[in-house]
Amino acid sequence: MQTKSRVQDYFDQIPDSLLLLIFNKLADARSLGRCSAVSKRFNSLVPLVHDLFVKIDRVVPVDGDCDFASLSSPKPSNIFAHLLKLILLTILRPFHHLLSTNGRNKPLFPQVSHHSPSRVLKNFTQVHNLRIELPAGDVGKEDGVFLKWRAEFGSTLQNCIVLGGTRIEHESTSSVNLQGSVEEDNGSLPESFYTNGGLKLRVIWAISSLLAASARHYLLHQIVKEHTTLRSLVLTDADGQGTLTMGVEQLKEFREKQLAPSASSNRTQVPATKMKLRYAPYLELRERMGVQGATLIVIKPVGEGTSCGYSSSKREMEALSCGAFDGPFQAAVKALAKRRTYLLEMNGF
């Protein structure tokens, strides 16, 4: 009786180290989950990956798991206006401390959901570099407004860079607007900036970005606590609006120091800060783009040796802000970094 020869499995000849390298390049948690179902060997190796990307497409309520937030559920727009009005009335002192030193339907606060990336991450035991992508940006804004932010946290806020503009334009319209803007631009804030709500709008951008960043930071606590191998963590969104980052020392501080939650909502308390604001009526960028009302805001806590106070070095602040964004937006930051600086001071909230 003749027996059939066993079909050779070429995957068995690949060493574990090479498979792990492939899995780390793959990174996507959903794809890795499918790989783990291929064989017992894959199932034993997938939990050992160092680099992981978790994309949250939508939030589905599931009982018993409520440590993360949905940033895509609509809320009435009047809630946004009411909260900002409350904050402006109680904590902000922008005009008193101003001096020269030369949604519509998107929620402001995330809602606590019952579907968490913790469930996806619980089987990964050796994650070093984690990137989580939320389904949408969480700062509501008017149509045409451009807004991006990037924040670094340890146990509390370390810095936040906000880049915004009232409108992005392309080559077809930029030349006309540029001509008018240059004639009005003498390097100082125009009088209309105070009277037409321009300064108030920039303050709202800063507060909204800080609130969004502190909410994301609060929601990462359980993940950081459970995954002690983490060396870097990035929490961003599909819109590319905001990014929160934490490095090795920041993650260590986050684990060791007690989190200071805000009394008003599920977010980390924002400390008292000083903000450096730079403004240009119009910036012409590369790639046939232009930004009207371009604004750069660099925010750091009060009382640190490298804080955004009056003694902060210009070189340090420029390096911090220029490293926050890529492409044409980095060019915008570099151009704004040369503009006159205005300081604003804000209480913690």
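Trainee: Why is C160 called buried?

Mentor: In this predicted model, C160 has a relative accessible area of 0%. The term buried requires a value under 20%, so C160 qualifies.

Trainee: What makes C35 buried as well?

Mentor: The relative accessible area of C35 is 18%. That value also falls under the 20% limit, and C35 is therefore classed as buried.

Trainee: How many disulfides does a search of the whole structure find?

Mentor: The search finds zero.

Trainee: Why does A27 count as buried, and where is A27 found?

Mentor: A27 has a relative accessibility of 14%, which is under 20%, so the term buried applies. The residue is found in the loop between α1 and α2 (29–36). A27 is not a glycine, yet its phi is positive, at about 65°.

Trainee: Why is L21 called partly exposed?

Mentor: L21, which lies in helix α1 (residues 16–26), has a relative accessible area of 47%.

Trainee: Where in the chain is confidence lowest, and where highest?

Mentor: Strand β4 (residues 111–113) is lowest, with a mean pLDDT of 38, whereas strand β10 (residues 242–246) is highest, at 95. The chain averages 76, and 68% of the residues score at least 70.

How values were computed
Residues numbered from 1 in each chain as written. Predicted model: local features only at pLDDT ≥ 70, side-chain atom pairs only at ≥ 80, totals over all residues. Heavy atoms only, no water. Helix = DSSP H or I, 4+ residues; strand = E, 2+ residues; numbered from the N terminus. Buried < 20%, exposed > 50% of the residue type's maximum accessible area, 1.4 Å probe, protein only. Disulfide = S-S within 2.5 Å. pLDDT = per-residue confidence, 0-100.
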